[in-house]
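Please open the structure in your viewer and keep the selection panel at hand. The stops below go from the whole chain to single residues.

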Amino acid sequence: MTAKQTWDSHSYQRDTGFVAKYGEDVLSWLKPQSGERILDLGCGDGVLTKQIMSSDALVVGVDASESFVISARASGINAHVVDAHALEFDSEFDAVFSNAALHWMLEPEKVVEGVKRALKPGGRFVAEFGGFGNVAAVTTAMKAVGVQMDGDLSLASPWFFPTVNQYAGILTDHGFRVDDITSFYRPTVLPNGMRSWLQVMRAPFFEQYGTRADEAYEKVEAALIPTLCDNNGQWIADYVRLRFAARLM
Ligand SMILES: C[S@@+](CC[C@H](N)C(=O)[O-])C[C@H]1O[C@@H](n2cnc3c(N)ncnc32)[C@H](O)[C@@H]1O
């Protein structure tokens, strides 16, 4: 099962281009080597995938969003529409990489099982995604507005944000050795404000209100100003990241 989502490459790069930018740091954990076969899981429109390719690794990108896969292919990436819960690769990758995608996948055991199957023995699984407490203020505000406006609260926070212990347990249960795993608070500047972030990441919550969607956006923003907007009007989201490097034993 996958969280309900909507993606558009133009608004993704314009309003949340920092997602791939921050992901560059995770590549230093992956250390792609020339000639390695690497799977980018939830590759999106492929900005980071291209960077992995620049190391002369042979990269395959998979993503559930058809529009993102079309954009990725247009930039020369070997990308495919695939649900990460149903990976069919068999012992063919030296490494699986993922940035900012695993929290959208709501059955992590199925995903990790598929990653395990996709890797060669000794293969690496390196990823970063939302950790426990990620965007807690934002989702609390959305739920409060959802109660006021009699909405479907499950659309406010559909994600899987595990603790370090929870995710390390899933990895070890599937035969991985966890070499490094950490969770950290990463206040994240939203260059185009909170509304554009909400529109990219959580449109389904607001769309449920039809002609009252603007009212819902205004209420959520008003609730968040004291916590996430500084004196200069700069929005800073309360991101928590979980990053790990694991190896298939
Ligand atoms: C925030 S984007 C990150 C994209 C890219 N990795 C990056 O760093 O820019 C999350 C991605 O996860 C993908 N995704 C979500 N659920 C998925 C699933 N079940 N299978 C494959 N991809 C999925 C989305 O389509 C989206 O491209």
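Of the 249 residues of the chain, 52% count as buried, where buried means under 20% relative accessible area, exposed means over 50%, and partly exposed covers the range in between (1.4 Å probe, protein chains only). The model is a predicted one, in which local features need pLDDT of at least 70 and side-chain atom pairs count only at pLDDT 80 or more, while totals for chains, interfaces and linings use all residues. Residues are numbered from 1 along each chain as its sequence is written, and side-chain values use heavy atoms, with hydrogens and water left out.

**The whole chain**

Nine helices and seven strands make up its secondary structure; helices (H or I, at least four residues) and strands (E, at least two) are DSSP runs numbered from the N terminus. The C-alpha atoms fill a box of roughly 50 × 40 × 35 Å along the principal axes. The chain has a radius of gyration of 18 Å, which agrees with the value near 18 Å for a compact globule of 249 residues. That radius is taken over C-alpha atoms, and the globule rule is 2.2 Å times the number of residues to the power 0.38. Among contacts (heavy atoms within 4.5 Å) between residues at least 6 apart in sequence, 76% join residues at least 24 apart.

**The nonpolar cores**

Next select Val138, Met194, Trp197 and Leu198. These residues have the most contacts inside the largest nonpolar core, which has 32 residues. A nonpolar core is a set of buried Ala, Val, Leu, Ile, Met, Phe, Trp, Tyr and Cys residues joined through side-chain atoms within 4.5 Å. Two or more residues of this core come from each of helix H2 (18–30), helix H6 (136–148), helix H8 (193–207), helix H9 (213–228) and strand E7 (235–248). H8 gives the largest share, seven residues.

Center on Val138. Beyond its neighbours within four places in sequence, Val138 is in contact with Met194, Trp197, Leu198, Leu224, Leu228 and Asp238. Then move to Ala84, Phe93, Val96 and Ala246, which are included in a second, separate core of 29 residues.

**The largest pocket**

Pockets and cavities are found on a 1 Å grid over the protein atoms alone: a cavity is a set of points where a 1.4 Å probe fits but cannot get out, a pocket is an open set with protein on both sides within 12 Å along at least five of seven lines, and lining residues have an atom within 4 Å of a point. Grid points are joined across faces, edges and corners, and a volume is the space filled by probe spheres set on the points.

At least two lining residues each come from H2, helix H3 (47–53), strand E2 (58–63), strand E4 (93–99), H8 and E7. By class, the lining has 23 nonpolar, nine polar and five charged residues. Ala, Val, Leu, Ile, Met, Phe, Trp, Tyr, Cys and Pro count as nonpolar, Asp, Glu, Lys and Arg as charged, and the others, Gly among them, as polar.

**The cavity**

Select Leu102, Met105, Pro108, Val111, Val112, Phe160 and Tyr167, which line the largest cavity. The whole structure has one cavity of 30 Å³ or more, and the largest holds about 30 Å³ of space. Helix H5 (residues 108–118) supplies the largest share of the lining, three residues. The lining is made up of seven nonpolar residues, with no polar and no charged ones.

Select Leu106, in the loop between E4 and H5. Leu106 is partly exposed at 25% relative accessible area. Apart from neighbours within four places in sequence, Leu106 is in contact with Met1, Thr2, Ala3, His85, Pro158, Trp159 and Phe160.

Glu36 lies in the loop between H2 and strand E1 (37–41). Is Glu36 buried or exposed? With a relative accessible area of 13%, Glu36 is buried. Not counting residues up to four places away in sequence, Glu36 touches Lys31, Ala57, Leu58, Asp94 and Arg124.

Go on to Asp56, in the loop between H3 and E2. Asp56 is not a glycine, although its phi is positive, about 70 degrees. At 53% relative accessibility, Asp56 counts as exposed.

End at Val135, in the loop between strand E5 (119–130) and H6. Its phi is near 40 degrees, a positive value in a residue other than glycine. Val135 counts as buried, at 2% relative accessibility.
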